[in-house]
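Please look over the model below before reading my points. They cover the two ligand sites.

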Amino acid sequence: MALHAGKIMAAGGALAAMACAREKPARIFPNVVIILADDLGYGDLGCYGARNVNTPNVDALAQQGMRFTHAYATASVSTPSRYSLLTGEYAWRRPDTDIARGDAGMIIRPGQYTLADLFKNEGYATAVFGKWHLGLGADTGKQDWNAPLPSGPGDIGFDESYIMAATGDRVPCVFIRNGRVVSWDPEAPIEVSYDEPFPGEPLGMDHPELIYNLLPTPGLGHNQTVVNGIGRIGYMKGGGRALWKDEDIADSITVHALNFIRKNKNRPFFIYLATNDIHVPRFPHQRFRGESGMGLRGDAIVEFDWTVGAVMDELEALGLAGDTILIVTSDNGPVIEDGYQDMAGELLGGHDPAGGIRGNKYGAYEAGTRVPLLVRWPGHVAPGGRSDALLSQIDLFAGFASMLGARVPDGAAPDSRNYLDAWLGENPVGREYVVEQAHNRTLSVRTAGWKYIEPSRGPEEYDWAPGSETGYRPHPQLFNLAEDPQEQHNVASDYPEMVARLQEVLTKERTLR
Ligand code: NG6
Ligand code: CA
């Protein structure tokens with residue numbers, strides 16, 4: 001194993017001294033870049049069988065690294081998925097980790113030990129760019145967006161942040177850099193509410209003439225405040241020149257990440273690059289329009305691929321590719337109709353965003369949480385390989401802690417397990433099981449051969465996500481994935497012992513601690 005000696009020296013005497021003091025010569029400090037797509041499905045990339053869209057950069061990454069076929073996000077929606085990735089704790093252990101409003105207070109508490117803390121404490125420069133969706137400030141709805149926010153990513157281990165507070169379809173529609181609104185406009189102070197509209201401020205529902213870029217789907221919200229000719233969830237006043245232009249979001253996130261890489265090229269860095277692509281509103285830059293033949297959703301995939309390529313090129317240009325673990329994955333599965341009239345379904349042309357498995361974002365079936373996942377680390381991860389090991393994103397924490405030889409505080413990352421060998425392609429098995437969470441907190445367990453979905457009350461389809469299935473049933477569901485990879489035949493009554501065993505796994509996980 002090549003020691004990242006240059007990085008150790010450059011990171012400062014303290015780090016080098018620490019490494020010596022602990023007499024652990026095998027400690028290595030590669031850069032780590034996690035590129036997390038939003039709502040990118042298991043089948044949405046060329047190297048996972050996508051049709052009608054080319055993703056040459058991600059496909060090249062697959063050629064240079066390992067492509068995983070059974071890697072899982074922890075939840076089938078964003079906030080709990082990201083919470084678990086960054087904290088190593090199942091989001092369902094806490095009541096306040098569901099899809100967050102744009103004015104949510106900090107969900108990860110400043111005192112919590114995060115993946116960013118882990119790297120920071122080992123001497124890394126740490127940063128987050130892009131979609132946050134984990135709350136800012138102390139209290140929901142109480143932020144003053146015109147002043148430095150009292151708490152944010154900087155309080156949970158990120159040296160630098162350049163983020164969207166929540167999602168592209170939620171106010172406030174501004175970027176926040178290190179706790180301050182970027183290009184804050186004194187002429188247009190910002191107010192945000194998720195309770196009451198601001199008197200005198202026009203809303204999309206009453207003023208369709210303001211919506212000139214992307215129409216909301218009737219009945220599916222996204223018709224409150226209008227920004228950049230697109231209706232949003234939530235009420236916002238002001239913003240002026242600080243308001244984002246959706247078509248520039250990918251560029252602005254990517255350029256900040258590239259600058260950070262350049263600035264920190266001589267010391268180890270950890271980057272959590274959470275793209276806005278391919279979440280709604282899908283509104284990629286003009287140069288990507290028409291590139292996919294699938295309309296805006298496909299073009300957003302092309303834009304995502306461009307971001308990945310830009311990072312790869314920068315690492316290459318700086319001679320850092322060999323010293324960097326680059327991971328590309330997604331926060332949850334795909335969705336077609338998610339509230340805007342972007343023709344995503346009509347233009348699929350035979351493309352299957354779920355890549356042949358059942359389900360979607362929000363739901364409990366496989367495609368809700370089984371996501372593309374690629375790992376490149378030249379010299380450590382064999383190029384061009386495929387692994388069927390069971391992986392969960394919740395294990396990034398323990399895996400990296402082990403790689404760094406780092407001690408984490410008692411109680412930190414309680415659900416994260418060290419499967420670094422599987423992540424690096426050395427262990428073909430990985431986890432014995434993964435636990436997956438659907439939007440209404442229904443839990444599933446997936447083993448190598450079986451999938452169990454616990455009984456739950458909830459609609460088979462949310463009326464606000466037509467065409468997506470939840471997988472919720474009032475009775476237990478068991479699928480023999482070896483014979484029935486598409487989860488078509490519930491065999492729970494044929495295998496009561498397997499049902500009991502997997503339910504027991506969930507009961508045990510729930511009662512831990
Ligand atoms: C839903 C939104 C959807 C999306 C989702 C969160 C409606 C009708 N739908 O409530 O558009 O924003 O929340 O997606 O409002 S996630 O990927 O961030 O979890
Ligand atoms: Ca998402």
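1. Which residues are closest to ligand 1? Ser-78, Lys-131, Asp-169, Arg-170 and Lys-361 are, out of 20 that surround ligand 1. A residue counts if one of its heavy atoms lies within 4 Å.

2. A note on the basis. This is a predicted model: local features need pLDDT of at least 70, side-chain atom pairs count only at pLDDT 80 or more, and totals for chains, interfaces and linings use all residues. Residues are numbered from 1 along each chain as its sequence is written, chains are lettered from A and ligands numbered from 1 in the order written, and side-chain values use heavy atoms, without hydrogens and water.

3. The side chains of Arg-170 and Lys-361 each place an N or O atom 2.8 Å from an oxygen atom of ligand 1. Asp-338 uses a backbone N or O atom, at 3.1 Å.

4. The calcium ion (ligand 2) is coordinated by Asp-38, Asp-39, Asp-331 and Asn-332, at 2.2 to 2.8 Å. Donors are N, O and S atoms within 2.8 Å of the metal (3.2 Å for Na, K and Ca); water is not among the atoms, so sites may look incomplete.

5. The donor residues are spaced D-D-x291-D-N in sequence.

Methods:
Polar contact = N/O pair within 3.5 Å; in protein donor to acceptor, adjacent residues only side chain to side chain.
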